[in-house]
Amino acid sequence: NALTKAKEALEKDIPLRLVDFTKDEMFAIKGFNFLTLKPHIYLANISENEIKLENDYVKKLKEYAKGENSKVIVVSAKIESELSELDEESKQEFLRDLGIQNSGLDQLIHNTYHLLGLKTFFTVGKDEVRAWTFKDGMKAPECAGLIHTDFERGFIKAEVMSYDDLVNYGS
């Protein structure tokens with residue numbers, strides 16, 4: 001039934017990510033790895049002088065993406081290229097001068113993490129600070145297992161705090 005439903009949708013040019021499959025149907029077709037079942041982010045490349053504008057092409061793309069419940073990230077490849085050559089302080093100043101908060105690359109990374117249901121935690125030691133990516137909803141012992149399987153088996157507790165609290169209170 002799930003494959004018949006998928007076939008009918010594809011014959012009508014409907015991406016499978018827009019089809020209302022039940023949980024069981026999704027389980028049945030997941031192994032086929034249909035490309036149209038995968039979520040999408042559209043990336044619109046614009047000229048550097050349009051960075052604060054929304055041209056007609058971007059508007060049309062956003063309207064199209066809205067129908068698919070997808071995101072559109074607008075970037076200027078020329079600006080991104082220039083940003084990649086700057087140190088962090090110069091990058092922030094350049095972004096301020098342009099009147100934008102985040103680079104297109106930063107927006108793409110943030111939105112991709114969100115779309116894929118990923119989050120990050122950090123481990124901090126005297127010699128190393130490291131970022132670890134985990135699936136949203138994973139429990140602390142599972143996350144500890146990303147570092148080392150022994151950590152998951154012997155997990156006792158996690159001390160969790162926001163970055164802002166760490167900076168504000170110092171420890």
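Which residue's side chain does R153 meet in a salt bridge? In this model, which is a predicted one, the partner is D150, and the nitrogen-to-oxygen distance between the two side chains is 2.2 Å. Both residues sit in helix α8, and because they are three residues apart there, about one helical turn separates them.

Let me go through two others. In helix α4, which covers residues 77-84, E82 and K78 lie four residues apart, again about one turn of the helix, and they form a salt bridge whose closest N and O atoms are 3.3 Å apart. Both ends are partly exposed, E82 with a relative accessible area of 33% and K78 with 44%.

E25 counts as buried, because its relative accessibility of 16% falls under the 20% cut-off, while K5 is partly exposed at 28%.

Let me turn now to the strands. Strand β1, residues 41-45, pairs with β2 in the parallel sense, over five bridges, and within that pairing A44 has V74 of β2 as its bridge partner. If we then include helix α3, which spans residues 56-67, we find that β1, α3 and β2 make up a right-handed β-α-β unit. How many of the five residues of strand β2 are buried? Four of them are, and the strand, which runs over residues 71-75, is accordingly described as mostly covered.

Finally, a word on the surface, where M161, Y163, L166 and V167 form a nonpolar patch that together has about 410 Å² of accessible area. Of these residues, M161 is found in the loop between α8, residues 149-153, and α9, residues 163-169, and M161 counts as partly exposed because its relative accessibility is 35%, which is also over the 30% that a patch residue needs.

Definitions and conventions: Residues numbered from 1 in each chain as written. Predicted model: local features only at pLDDT ≥ 70, side-chain atom pairs only at ≥ 80, totals over all residues. Heavy atoms only, no water. Patch = residues over 30% accessible without salt bridge, like charges linked within 9 Å, V, L, I, M, F, W, Y side chains within 5 Å. Areas by Shrake-Rupley, 256 points an atom, 1.4 Å probe, with all protein chains shown as cover. Salt bridge = Lys/Arg side-chain N within 4 Å of Asp/Glu carboxyl O. Helix = DSSP H or I, 4+ residues; strand = E, 2+ residues; numbered from the N terminus. Buried < 20%, exposed > 50% of the residue type's maximum accessible area, 1.4 Å probe, protein only. Pairing = 2+ DSSP bridges. Right-handed = clockwise from strand over helix to strand, strands pointing away.
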